[in-house]
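Please keep the sequence and the 3D view at hand while reading.

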Amino acid sequence: MTTESQTFTEKYDLLGCIQCGRCTGGCPVTVRADLNVRQFVNDAYDEEKLDELARLAEIWDCTACHTCAVRCPKGLKPLEVLIGLRSMIVESGKVEPTVRDALQSVLLEGNPWEKPRAARQDWMEGLDVRIAEPGEHVENLFFVCCTNCYDPRVQVTAKNMVKILNKAGVDYAFLPEDESCCGSEVFTIGEEGLFEMTVEDNTEFLNEFNADRIVTLSPHCFTTYRTHFPDLKHPVIHYTQLVDELIQEGKLAWKGELPKKIVYHDPCYLGKQGGIFDEPRRILKSIPGVELLEFDRKRERSLCCEGGGGKMWVESESRQERLAETRIKNAKELEADIVAAACPFCILTLEDAMKGLGYEEEMRVAEIMELLGEFVEA
Amino acid sequence: MKTFVCIKYVPDTSEAEVKVNPDGKTVDDSRFSFDINDADNYAVEESVLIKEDKGGEVDVLSIGPKQSEVMIRMAMAKGCDKATRVEDDRIADHDPLIVAKVLAGAIKDQEFDLVLTGCWADDDGHMATGVALAEYLGVNHASMVKKVEVLDGKVRAHRELEGGLMEVLELELPAVLTIQTGINEPRYAPIKGIRQAQKKELNVVNLDDLSIDPAEVSADASQVVLENLYIPEVESAAEFIEGETDEKAEKLASILVKGGLV
């Protein structure tokens, strides 16, 4: 929670808050849950109230989308007050079993999906993948992400990436089996000790490699490495930045056309947290035949899919419409054929919502890399 | 209250294919992840809940390799006070009676009120260790316990029986209880707690330290001989019976009669 020398108020700079309401005014979760982050920032000033605040169910409704932080005129991060309260619960050990199992799996197996470390590279079977050796120079060092490694729905992102890299003659290598979770969800769930350990261990592991840059396949790894790993020696980019470069350099050859209307969903960890808005759009527009549409809520205002902030392991008590369902309905109103994103969590939540709404026949949710796999010569 | 909780480090076979090694007697565990046996995890939580309610001390006891210490430290992070890990290649650990004999050897010279352990192990599934341990210690026992109430000098154990029946027993202490999963909700062991648990006492001992005669717990002393391990073959496909309800019932009855099953 706090160190002896630092109070909760000091740690989260609660006195810096002017209670302007910009945070709650932009919070996407307020439409479906009782979460009022401005009130938490106000009430957490009273240290005697912290235990009571930490027990409120709504602290787990925050998706850590960072809209509140983006909008805060004082540069504060109101969501981190909620993470601080979560950490009090985590330290007591009395978390939801799903959260417990995910955290324990990160500690024991290096991923939150309760999968064995030995199976981390099973997705590579049948592919010609270059594996990095410590000290050996490589331009692009790939960090795959636990979800892309293990979830059969999104493994396609990593598989297609390999095929395209091989075809385009890119100097690349993927990390060996020792690759471990970036800790994005560990941080937002509030397991401070495990996150500190993750930062130390991953910094030491990644710094052994001699790369010009690390390329992440998930925006969550991208933002976490850029924000929370001060001693990481490599710059970090997201794969959409690399693919955008390859297209600009004419290194990708298209096969066939995709005469479809695609609406691009900005993942929170890529857009509003990572500042990457244009590259994914340029990639999609490059695919022959594509008509790119835009949501009303786009770029910094993009509506969160509710996949972040540990929400893959915590079910909201709210029975209101999920934000991913709202997003899919918006896409339907736009008459989009495809909802594209470049984040494993967004793909999983949006696709669930699409199926739940019964739009499977008329609409598709796709990772950008999934579309590239279908329309790039590889 | 002085409680011992006996735990086992087991492979998780749910996420990796089980392959028998060419010797036909061991399993290739190179792709498994290992963790505390599920039922033992509930036993740890119950022992900590009893300590939180009644005070006292909880000692962890486990037979296992060095790698299992992470599991032991996690139990101590949750509230267990100290631990003993027994490591000795001479133990015929495929035999639950031998395992129970070693555990009893580690406990017998100490005062205790309760010994908790999981009702079965996820790897070999004998469901015998806890009961045999009670026998070796010469104390009362109850198996498949779904609720524990500690009384004055006694314990009330709610046992889960077949068909959903619950049997309620009162046992004089000391006693051994084998804990059924679902009795509680095991807590998370935070890293800060695991780090603090590094300061707690963890003794690593062998048979000589426990004054157990190796000849009594070796493969030669075991009455269980592991002959062969194999993956059962799928012998036939499922048959889906089509038709209206009456028709389906008639076809099903006919199949059962023909097969000599009724």
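## Basis of the report

The model is predicted: local features need pLDDT of at least 70 and side-chain atom pairs count only at pLDDT 80 or more, while totals for chains, interfaces and linings use all residues. Residues are numbered from 1 along each chain as its sequence is written, and chains are lettered from A and ligands numbered from 1 in the order in which they are written.

## Chain B as a whole

Chain B has seven helices and eleven strands; these are DSSP runs numbered from the N terminus, with helices being H or I of at least four residues and strands being E of at least two. Along the principal axes, the C-alpha atoms of chain B fill a box of roughly 65 × 45 × 40 Å.

Of the 262 residues in chain B, 39% are buried, that is, 20 or more other C-beta atoms, placed from the backbone, lie within 10 Å of the residue's own.

## The sheet of chain B

An open sheet of nine strands in chain B runs in the order E9-E8-E7-E10-E6-E1-E4-E5-E11, with mixed pairing. Two strands pair if DSSP finds at least two bridges between them. Strands E9 (166–172) and E11 (202–205) of chain B stand at the edges with a single partner strand each, so one side of each has no neighbour in the sheet. From one strand to the next, the twist averages 35°.

Within chain B, strands E4 (residues 57–63) and E5 (residues 82–86) run parallel and are joined by five bridges. Leu61(B) stands opposite Thr84(B) in E5(B).

## Domains of chain A

Chain A is divided into domain 1 (8–92), domain 2 (99–246) and domain 3 (253–375), with bounds from an automatic or database domain assignment. The centres of domain 2 and domain 3 of chain A, taken over C-alpha atoms, are separated by 22 Å. Their contact takes 28 residues from domain 2 of chain A and 27 residues from domain 3 of chain A; residues are in contact if their C-beta atoms, placed from the backbone, lie within 7 Å.

## Contact between the chains

The contact between the chains takes 20 residues from chain A and 16 residues from chain B. On the side of chain A that touches chain B, H7(A) gives the largest share, six residues.

Note on methods
Contact = placed C-beta atoms within 7 Å. Buried ≥ 20, exposed ≤ 12 C-beta atoms within 10 Å, placed from the backbone. Axes fitted to C-alpha atoms, helices over the stretch in contact; angles between N-to-C directions.
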